[in-house]
Amino acid sequence: MQLKNIDRGGAVLAIAVLAILPLVFDSRYLIGVLTVAAIYGIWSVSWDFMSGLTGRENFGHSLFIGVGAYTAGFLNTVWSMNAWWSLPASVVMAVVFALIMGIPTLRLKGPYFALAMLSGAVIMQRLMLIFWEYTGGEEGINGIEPLIRSPLHFYWFVLAVLVVTTVVLVALARSRWGLILKAIRGDEATCQSAGLNVTFYKIASLVISAGVAGMGGALYAHYQLQVSPQLFAVVTSITIITMVYVGGMASIYGAIGGALLLTLMTELLRNFGEWRLMVYSVALILILFYLPQGLVAPTWERLRRSLSGGRS
Amino acid sequence: MLEIVIFGAVTSAIYAMLAVGFTLIFGVARILNLAHGSFYALGAYGAYVLTSIAGLPLVVATPLVVLGVALFGMGVERVLIRPMRKSQLAVLMISLAVALVVEQALFLIFGSEYRNVPSFVDTKLNIGGVDVAGQRLLTLVVAVAAIGALYAFIQRTRLGSAILAISQDPEAAQYMGIPSDRIFGVVMALSAGLAALAGIMAGPFLSVQPSMHLLPIVKAFAIVVVGGLGSIPGSIVAALMLGYAETLVAYGISTSWTEIVSVAATLLMLVLRPAGFFGKRAAF
């Protein structure tokens with residue numbers, strides 16, 4: 001029981017710090033960095049929910065992000081619909097893509113899902129360039145309206161979305177559902193022989209993951225006020241995967257720590273501009289070799305254990 | 001009509017060179033190598049550096065580049081992939097990370113603009129009323145020769161039998177005293193060299209820029225799914241199917257839609273026949 005209280009306390013403290021930080025240091029720059037970090041947090045958390053729990057790594061999470069962002073862009077500019085429609089619409093579109101990609105590939109064992117997602121994202125990025133008459137090509141779609149005018153209020157909204165999705169996903173991960181997903185990672189065949197519809201659970205978790213990621217994409221579109229094919233890029237997916245690895249796989253909340261840490265590091269590396277992605281790729285290799293458990297979640301585990309007086 | 005036959009054959013030849021290496025290293029070592037496209041990109045960039053900057057003739061540069069990339073592939077397998085081989089996902093992650101490191105290195109050194117790789121032959125040939133660049137026909141010939149040589153190597157040499165043995169039954173092969181770790185290095189070198197050769201041959205008529213490694217991975221994956229993971233004859237047949245399907249779409253509908261063919265083929269095949277046309281068989 002005490003552990004749960006420590007968890008809750010830590011979460012409330014973290015949320016409070018994140019929410020109050022822009023009031024203490026009043027700068028638009030800081031608000032921008034935190035907004036981006038929170039959006040990356042949403043993406044990382046959603047990636048971790050599907051891939052971390054089931055062990056089916058998704059190399060094309062950018063597909064759902066891009067689909068969500070472009071949906072928001074289209075609705076808002078081409079059909080000039082109210083910006084708030086973007087959120088439900090992007091969730092629906094991302095879910096449609098999740099079903100298209102998930103149903104053929106998640107029935108199967110082996111690496112098909114990981115590679116098909118990678119292919120899907122690469123091809124979608126190409127299609128955005130090829131059909132430039134509709135998608136704006138390299139420039140993408142510009143002139144998207146902000147969801148909330150005040151940057152600070154928008155940041156708080158994004159933070160709230162992040163907190164709600166994290167709470168829901170952590171609750172799901174700690175429920176029977178999450179147990180089944182973790183069991184699938186452990187031994188799929190045994191789950192099947194226990195009468196579980198393994199394919200259903202995998203596809204359903206992909207659908208949830210994609211829906212959240214798509215909504216994150218829409219938030220990003222309304223933050224940047226434009227979308228570009230770069231959203232579909234493999235580096236977007238890899239950035240997210242690196243964040244989850246830094247945070248610690250399958251912990252879900254750790255992914256937020258990873259997203260914050262890496263986004264802030266990126267800002268510190270601003271001067272190195274072009275080296276940013278190189279740093280990410282090398283960091284990923286180093287983590288895979290030396291810190292396969294990640295950084296944030298294991299640190300928290302250790303901290304809470306010492307706080308609770310050695311009880312594990 | 002003849003146009004479709006010729007251009008389809010050239011496209012298929014490049015795809016086959018890429019897919020054969022990709023499927024070979026999977027069939028033998030169970031390594032799904034997402035850095036495979038990087039070998040192709042390094043081939044094209046290597047040829048560019050040695051000819052345009054170092055001023056070597058292409059005929060000299062080609063074997064140097066192929067050898068260099070083969071050694072690089074061997075190094076990647078030895079240092080990065082081998083410690084991770086227990087988990088297939090870790091291999092996927094690490095090889096994708098390697099691919100991005102290579103992409104970023106190329107970007108930092110050469111920038112994102114397109115580079116020109118010189119061609120072996122500049123003449124245009126006229127076959128039955130169709131103008132074909134000599135380079136494309138040469139690519140076709142080189143691809144057939146390279147894959148033929150690989151086939152002969154695997155079928156006729158001692159090392160080839162060892163590769164075949166491991167692909168059929170890794171444990172039994174090890175009991176027979178075949179040093180599988182060393183063989184994996186050799187196979188990785190073969191696979192990387194073949195991809196580099198494809199990059200050098202296709203470089204003159206493709207866009208050579210840092211992110212060029214991604215599409216080959218998409219195509220190689222589609223081919224391997226259609227042909228069956230690990231089957232080389234399967235990947236050759238599937239390369240022909242994909243090459244011609246794309247050419248037909250380009251001529252019949254529009255070049256815009258060609259990129260969809262590979263993903264559609266992948267998903268369709270996974271629904272209809274996930275094992276691929278040639279199923280799980282030994283490497284050859």
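Visitor: Where is the place of B:Arg30?
Guide: A word on the model before the answer: it is predicted, local features need pLDDT of at least 70, side-chain atom pairs count only at pLDDT 80 or more, and totals for chains, interfaces and linings use all residues. Residues are numbered from 1 along each chain as its sequence is written, while chains are lettered from A and ligands numbered from 1 in the order in which they are written. Helices (DSSP H or I, at least four residues) and strands (E, at least two) are numbered from the N terminus. On that numbering, B:Arg30 sits in a chain B loop, the one between α1 and α2.

Visitor: What is the phi of B:Arg30?
Guide: Most residues other than glycine have a negative phi. B:Arg30 is not a glycine, yet its phi is positive, at about 60°.

Visitor: And how many other C-beta atoms lie within 10 Å of B:Arg30?
Guide: The scale goes like this: with C-beta atoms placed from the backbone, 20 or more others within 10 Å makes a residue buried, 12 or fewer makes it exposed, and in between it is partly exposed. B:Arg30 comes out partly exposed, because its count is 16.

Visitor: Chain A has a positive phi too. Where does A:Ile252 lie?
Guide: The phi of A:Ile252 is near 65°, positive in a residue other than glycine. A:Ile252 is buried, because 29 other C-beta atoms are within 10 Å. As for its place, that's the chain A loop between α11 (234-247) and α12 (253-268).

Visitor: Which residues have the most contacts inside the largest nonpolar core?
Guide: A nonpolar core here is a set of buried Ala, Val, Leu, Ile, Met, Phe, Trp, Tyr and Cys residues joined through C-beta atoms within 7 Å. In chain B, 53% of the 284 residues count as buried. The largest core has 197 residues, and those with the most contacts inside it are B:Met17, B:Ala196 and B:Leu242.

Visitor: What does B:Leu42 touch, not counting residues up to four places away in sequence?
Guide: Two residues are in contact if their C-beta atoms, placed from the backbone, lie within 7 Å. B:Leu42 lies in helix α2 (residues 36-53) of chain B, and it counts as buried because it has 26 C-beta neighbours inside 10 Å. With those sequence neighbours left out, the list is B:Val69, B:Phe72, B:Val102 and B:Ala196.

Visitor: Where do the buried residues of α6(B) pack?
Guide: In helix α6 (residues 158-168), the buried ones are B:Ala162, B:Ile163, B:Ala165, B:Ile166 and B:Ser167. Their packing partners in chain B are α1, α5, α7 (170-175) and α8.

Visitor: Last one: what supplies the largest share of the side of chain B that touches chain A?
Guide: Across the interface, 28 residues of chain B are in contact with 30 of chain A. Helices α4 (88-110), α9 (214-227) and α11 (258-272) of chain B each give at least two residues to that side. By class, the chain B side has 22 nonpolar, five polar and one charged residues. The largest share, twelve residues, comes from α4(B).

Key: Nonpolar A, V, L, I, M, F, W, Y, C, P; charged D, E, K, R; others polar.
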